[in-house]
Amino acid sequence: MKDITRDIETAAAEAVKEIYQVDLSPGDFLVTSTKKEHKGDYTLVTFAVSKTLRQAPNLIAAAIGEHMQRTKPWVSSTEVLQGFLNISLSTDYWTSVMDEFKANPDFWKPVQPQEKVLVEFASPNTNKPLHLGHIRNILLGWSTYKILSACGHDVHRVQIVNDRGIAICKSMLAWQQFGEGVTPESVGMKSDHFVGDWYVKFEKKFVEEYKTWQSSEEAKELFDNRKDKELAEADFFKAYKNNYFNTTSKLGKDARDLLLKWEAHDQDTLDLWRKMNGWVYNGFNETYKNLGVEFDKLYFESDTYLLGKDLIEDGIKREVFYKKDDGSVWVDLTEYGLDHKLLLRSDGTSVYMTQDLGTAQKRYEEFDAQRMVYVVADEQNYHFQALFAIMAKLGAPYAKGLYHLSYGMVDLPEGKMKSREGTVIDADDLMADVIEEARIAAADREMKDPEVIRRIGMAALKFFIIKVDPRKRMTFDPKASVDLQGQTGPYIQNAYVRIQSILRRAGEDRKSYEGYVLNEDEKLLLNLLSQCRHTIENAAKDYNPALVANYAFALAKEYHRYYHDIKVLQAESEVAKEFRLVLINTIASILVNTMDLLGIEMPDRM
RNA sequence: GGCUCCAUAGCUCAAUAGGAUAGAGCAACGGUUUUCUAAACCGUAGGUUCCAGGUUCGAGCCCUGGUGGAGUCACCA
């Protein structure tokens with residue numbers, strides 16, 4: 001497989017060995033694309049090797065350049081600027097690069113020793129429908145799965161569904177008390193939204209109850225006896241809300257009773273729980289389908305929340321963990337720069353961490369994965385540091401392969417999304433909106449195919465989110481997310497569509513392009529194509545799909561310019577036309593493949 | 001308050017591993033279509049890369065100190 005950068009590095013190493021009698025490996029050199037304002041295709045940077053070779057960078061560059069020109073027929077000319085050696089490659093070399101791409105349709109895929117990898121993403125709670133934050137999570141998870149698969153790994157997609165706990169009990173209780181037997185069907189509502197509405201209903205009723213209680217003697221007395229006399233009444237009751245829920249509230253007690261009954265396997269409660277969660281899953285599945293994602297295995301918290309206790313027992317025996325007098329179990333993570341973490345409550349029940357330890361172990365046993373990736377928002381950074389540290393301390397064989405793909409929260413132009421203020425953007429609404437915008441934009445165009453319009457709208461949405469570095473917090477501007485021009489998904493789709501249009505007219509018969517002399521734009525495009533593999537490699541190494549997104553955009557941009565300047569079907573010669581047809585066909589294939597890594601589908605016309 | 005992360009054009013984002021004169025898009029202004037799809041292309045304008053030091057041939061990137069913002073620091077999940 002041709003690797004231009006590697007060829008240059010190797011040639012440089014050879015030159016250094018002959019001229020300086022010093023052994024350097026190809027990896028010791030830095031090769032970049034030559035800046036547009038200078039002559040040349042690739043640039044060898046010699047500053048770094050200057051010390052080892054004990055010579056000025058410009059002299060080294062000159063010497064290597066001279067040697068390359070003498071010994072490598074594929075180097076047509078070189079030029080030295082300070083420590084930069086700008087190298088121009090011969091036409092033959094460029095043609096041979098095109099030959100290789102043509103002969104190996106998989107040239108863009110990195111080749112890595114296969115590993116078994118688990119990617120966990122989505123992982124919703126079952127009391128509310130999915131929202132914008134889930135979309136970022138799901139796109140990152142899906143794309144990570146795609147990218148790692150392209151690298152040759154065996155990747156499995158899993159999620160853990162938070163299907164138990166007080167939250168779903170609130171929805172259940174509200175439906176039970178105020179629902180009068182309505183169902184999603186009877187009211188004609190998407191079923192996860194239906195359950196979410198009962199959760200909201202509970203909160204509303206609870207706040208009403210709380211407000212009423214605040215004027216009671218009991219509440220007044222509590223407020224008068226507050227520790228901090230400076231505290232205003234509103235602030236006091238805001239802070240006391242949780243306490244009220246757990247101690248005084250009738251609704252709070254009912255909800256907690258429901259949770260206790262669930263834990264005691266009360267049949268009626270389990271039936272209700274199954275019914276409501278079933279509604280939620282139907283709704284989720286529709287959303288996943290619209291997003292174009294699927295999973296290999298679902299873990300349910302109701303199955304896993306008791307896991308991990310034997311790991312804790314084992315840890316205590318081996319004195320990795322310790323037990324306090326009250327019976328609670330802890331681990332000391334100060335050697336990792338962290339704190340002491342609780343693993344079991346004094347009453348012997350689990351906490352979140354316990355469950356995560358158990359789930360990781362279970363997955364490892366089930367999948368035998370070398371790597372497990374958790375796509376979870378950065379608010380849980382500390383949790384995952386602790387989780388991984390505990391695994392390492394336990395000496396788990398898979399500890400080294402654990403990775404937290406941590407991503408920043410999604411903000412709106414007005415600030416944070418807040419469910420209490422109703423500013424959370426719903427996933428289903430959002431998808432419907434972007435598709436509707438695409439439909440409106442297509443109004444004065446010929447294309448009316450709903451499937452194409454769907455792809456365009458979804459491309460706008462997905463690209464807008466996934467082009468941003470996952471680690472960074474991002475601002476989601478609903479207006480900008482439906483843009484179809486500029487640095488967008490549809491812009492890239494359009495580049496692909498333009499190519500398809502040419503290829504349709506060109507017919508099937510392909511002849512030789514031998515002897516064709518490439519222009520500068522074509523070298524640039526080949527150069528970009530050759531970088532695809534490195535880009536995907538880096539994206540896999542860093543778990544960063546944004547790199548692929550930015551690459552696809554750069555390629556589309558370069559192609560749009562080429563399309564504008566260079567004619568293919570009316571080329572100046574037969575060889576030019578033939579070469580260009582192969583070139584644009586390759587570009588189309590890279591565009592469709594890289595976009596597929598992002599979960600974005602291409603239309604053939606738009 | 002401790003720890004972690006972030007700060008780049010009016011706005012949203014880029015910038016291989018420390019490499020040349022920090023790039024795109026949007027918004028603004030001007031131009032391009034009898035031509036393979038104008039969801040495109042070209043141009044103009046826009047920067048003390050938060051501040052102050054340091055490291056070196058070279059710093060948006062590394063180090064120190066500050067400023068501003070976010071997250072976290074539950075026998076919550």
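Let's start with Leu529: skipping its neighbours within four places in sequence, it is in contact (heavy atoms within 4.5 Å) with Phe101, Phe107, Tyr551, Leu555, Leu583, Thr586, Ile587 and Ile590. Keep in mind that this is a predicted model, where local features need pLDDT of at least 70 and side-chain atom pairs count only at pLDDT 80 or more, while totals for chains, interfaces and linings use all residues. Residues are numbered from 1 along each chain as its sequence is written, chains are lettered from A and ligands numbered from 1 in the order in which they are written, and side-chain values use heavy atoms, leaving out hydrogens and water.

Leu529 also turns up, with Ile64, Phe476, Ile492 and Leu526, among the residues with the most contacts inside the largest nonpolar core, which has 156 residues. Such a core is a set of buried Ala, Val, Leu, Ile, Met, Phe, Trp, Tyr and Cys residues joined through side-chain atoms within 4.5 Å; buried means under 20% relative accessible area (1.4 Å probe, protein chains only). Helix α23 (residues 574–597) gives the most to this core, with twelve residues. Helices here are DSSP runs of H or I, at least four residues, and strands are runs of E, at least two, numbered from the N terminus.

Of the 59 residues around RNA strand B (a heavy atom within 4 Å), Asp326, Arg445, Arg498, Ser501 and Ile566 come nearest.

Terms used:
Buried means under 20% relative accessible area, exposed over 50%, partly exposed in between (1.4 Å probe, protein chains only).
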